[in-house]
Amino acid sequence: MSKKKILYVEDDETLAFLTADNLEQHFEVIHSNNGAVAFKLFCEQEFDLCVLDIMLPDMDGFQIATEIRKRDSDIPIIFLSAKTMKEDRIKGLKLGADDYLVKPYSIEELILKIEIFLNRSQKKSEKILTKYQLGSFEFEFENYILKNNSKEITLTEREASLLKLFLENRNAVLKRETILTSLWGNDDYFSGRSLDVFISRIRKILKEESNVRIENIPRIGFKLVID
């Protein structure tokens, strides 16, 4: 079986060498130390996942992710960055990244996350299409698509998984820690902030649906209410 192909973008030579050396034991790795060159590679080749630094010459990681999402709404994107401010993490997730690891990171954790996202992508391509009705919207989970007669919105993988979890527990209270553990594998502070970002975006999409809403349940969690 051929190895999955990863675009790895990092301009720190020492870190890039160590990370790529470990990743290459599991995946085919194409490395670039320049943002503009990396995006050109993405346009010319087929990749299964992207691992992006943020502070890069010519084109930063946020810009690369923005352009990638214009062309491919499904490919998993992981940010690796020394930028520790929560605003940077939130910005990365809003741009459509699936995860954001702060340097120095554990190479074992990075490999595990890559394998998880690749496995999800593989399962997505193999599943029979599952559709849910959400007010005037039809939600295609496997395609991450939420659409009605007037618009079609492509969600990130994490947003789609969150919405599916809500739909499978509609009109029931979901504890915050249950959501975090199900989708992130932990309930730490940064995961909690990411959850708030995703819920805010889903609420914005559904704001015109008068019979659909996500309610806050103080000190407990959330509830998707469909009247």
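Which strands does helix H6 (residues 157-168) lie across, and at about how many degrees to E12 does it run?

Guide: Helix H6 lies across E10, E11 and E12, and its direction makes about 70 degrees with that of E12. What we are looking at is a predicted model, in which local features need pLDDT of at least 70 and side-chain atom pairs count only at pLDDT 80 or more, while totals for chains, interfaces and linings use all residues. Residues are numbered from 1 along each chain as its sequence is written, and side-chain values use heavy atoms, with hydrogens and water left out.

Helices (H or I, at least four residues) and strands (E, at least two) are DSSP runs, numbered from the N terminus. Two strands pair if DSSP finds at least two bridges between them. Angles run from 0 to 180 degrees between N-to-C directions, and the axes are lines fitted to C-alpha atoms, for helices over the stretch in contact, where contact means heavy atoms within 4.5 Å.

Let us begin with the sheet in your question. It is an open sheet of three strands with antiparallel pairing, in the order E10-E12-E11. Strand E10 (173-175) and strand E11 (212-217) are the edge strands, each pairing on one side only. If direction is ignored, neighbouring strands of this sheet are turned by 25 degrees against each other on average.

Within this sheet, E11 and strand E12 (residues 221-226) run antiparallel and are joined by six bridges. Asn-216 has Phe-222 in E12 as its bridge partner, while Glu-215 stands opposite Lys-223 in E12. The hairpin of E11 and E12 has three residues between the strands, and in it Arg-219 takes a positive phi near 65 degrees. This is worth a second glance, because most residues other than glycine have a negative phi. Helix H7 (residues 176-183) also belongs in this picture, for it lies across E10 and E12, running at about 65 degrees to E10.

The axes of H6 and helix H8 (residues 189-206) come within 10 Å and cross at roughly 75 degrees. The two helices are therefore roughly perpendicular to each other: angles from 65 to 115 degrees receive that name, whereas those under 35 count as roughly parallel, those over 145 as roughly antiparallel and the rest as oblique. On the side of H6, the contact is made by Arg-158, Glu-159, Leu-162, Leu-163 and Phe-166, and on the side of H8 by Leu-195, Phe-198, Ile-199, Arg-201 and Ile-202. These residues divide into seven nonpolar, no polar and three charged, where Ala, Val, Leu, Ile, Met, Phe, Trp, Tyr, Cys and Pro count as nonpolar, Asp, Glu, Lys and Arg as charged, and the others, Gly among them, as polar.

Finally, step back to the whole chain. Its domain assignment gives domain 1 (5-122) and domain 2 (131-226), with bounds that come from an automatic or database domain assignment. The centres of the two domains, taken over C-alpha atoms, are separated by 25 Å, and 13 residues of domain 1 are in contact with 15 residues of domain 2. The area buried between the domains is about 1300 Å², and carbon and sulfur atoms give 51% of it; buried area here is the accessible area (1.4 Å probe) that two parts lose on being put together, summed over both. Of the area that domain 1 buries against domain 2, Arg-89, Leu-93 and Arg-120 supply 34%, more than any other three residues.
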